[in-house]
Amino acid sequence: MAIAQPATRPANPRFSSGPCAKPPVFDVSKFADAALGRSHRAAIGKDKLKAAIEGTREILGIPADYRIGIVPASDTGAVEMALWSLLGARKVEMLAWESFGAGWVTDVVKQLKLDAEVKTADYGQIVDLDSVDCDNDVVFTWNGTTSGVRVPNGDWITANRQGLTICDATSAAFAMDLPWDKLDVTTFSWQKVLGGEAAHGMIVLSPRAVERLESYTPAWPLPKIFRMTKGGKLIEGIFKGETINTPSMLAVEDYLLALDWARSVGGLKGLIARADANAQAIFDFCDTHDWIANLAENAATRSNTSVCLKFTDARIQDGAAFAKAVAKRLEAEGVALDIGAYRDAPAGLRIWCGGTVETADISALLPWLTWAFEAEIAAQAQAA
């Protein structure tokens, strides 16, 4: 028997966790003022790059004495720039509870070959943050994009720490309240919460991080795109829009428009409220359906951006195949695109809930989850 489909569809079915949905007001006609075909070193290019930096500072509330730079290779480039430039001066603690955090462990232990203390947790859980010694350099993700588990707060980071905190905040910035006084290096990319284009990363340095850069030289050579100092001094131009390599001025314009939209919805508080409402709609759905659950086991550590879900019904014979089939059904109907779990994560779904997503679209999607689940259970039974 055919299972009835819901009457309402999401107006925007884009729930990918990166690149993420554009702001609701996105329109290519708004790029008329973009500095296309112009040098990023011309006055107009420098002005736009500087506006991107200062707009980031304004909306995120980054302290005036912190440096903000636009760097190559998205968040990955920004994190690796920090790891290669800053680590090695002190003992290192690596914290990982999902794919990207595990990747930074590989960089530090297998590539830089540092004798780091590695603390890990399974998907859905988080490491014991109270066990972290902040007199060591500490590397961690604020929000586990592939596990849906986030750091609940910065209380575990000591104010009088001797080490640096290096935080990958790529799916947290613009959706979570980051405690800047506890973060020495923070990285993120444009294509996450504000739905910008890929390939550009941001790195935010505290005065303590700058001091380390100017007083410590790593034992290994640094590629040009990682170098933030020259002659023992910070290259200040990087943090004024004089990028290390050529940026896309079209992507810059897109980011500037996203920052303008962020201001229009109330800045950081408005963005957090939008993400919270989106995620809560899914949490409530899980609470009332016994065949699906949040991958994050503790409510205090559940992400409000990359919400990861697992199927729990005992009738499911092959979890990975079932989850892929559900995602395929939803995509075929045009109601949800790119919501399969990350390739290294447990089988399930991952629904992006950042501020560029409308809560009405999340609400419209949820009945379709039920439809796809029931349709796939029926198909499984018929095949048996």
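In this predicted model, Asn-294 stands opposite Leu-309, a residue of strand β13. The strands β12 and β13 (residues 306–311) run antiparallel and are joined by three bridges. They belong to an open sheet of three strands, whose order is β12-β13-β14 and whose pairing is antiparallel. Because β12 (292–294) and β14 (349–352) stand at the edges and each has a single partner strand, one side of each is left without a neighbour in the sheet. On average, and with direction ignored, neighbouring strands of this sheet are turned by 30 degrees against each other.

Helix α3 (residues 99–111) has 13 residues that, at 1.5 Å a residue, should span 18 Å, and its end C-alpha atoms lie 17 Å apart, which agrees. Its buried residues are Ser-99, Gly-101, Trp-104, Val-105, Asp-107 and Val-108, and what covers them includes the helix α2 (74–86) and the strands β2 (92–96), β3 (117–120), β4 (137–141) and β7 (165–168). Just after α3, Lys-113 takes a positive phi of about 60 degrees.

Gln-380 is found in another helix, α8 (residues 359–383), and counts as buried because its relative accessibility is 16%, where the cut-off for buried is under 20%. Leaving aside residues up to four places away in sequence, Gln-380 touches Arg-315, Ile-316, Gln-317 and Phe-322.

Note on methods: Residues numbered from 1 in each chain as written. Predicted model: local features only at pLDDT ≥ 70, side-chain atom pairs only at ≥ 80, totals over all residues. Heavy atoms only, no water. Pairing = 2+ DSSP bridges. Helix = DSSP H or I, 4+ residues; strand = E, 2+ residues; numbered from the N terminus. Axes fitted to C-alpha atoms, helices over the stretch in contact; angles between N-to-C directions. Buried < 20%, exposed > 50% of the residue type's maximum accessible area, 1.4 Å probe, protein only. Contact = heavy atoms within 4.5 Å. Expected span 1.5 Å × (residues − 1).
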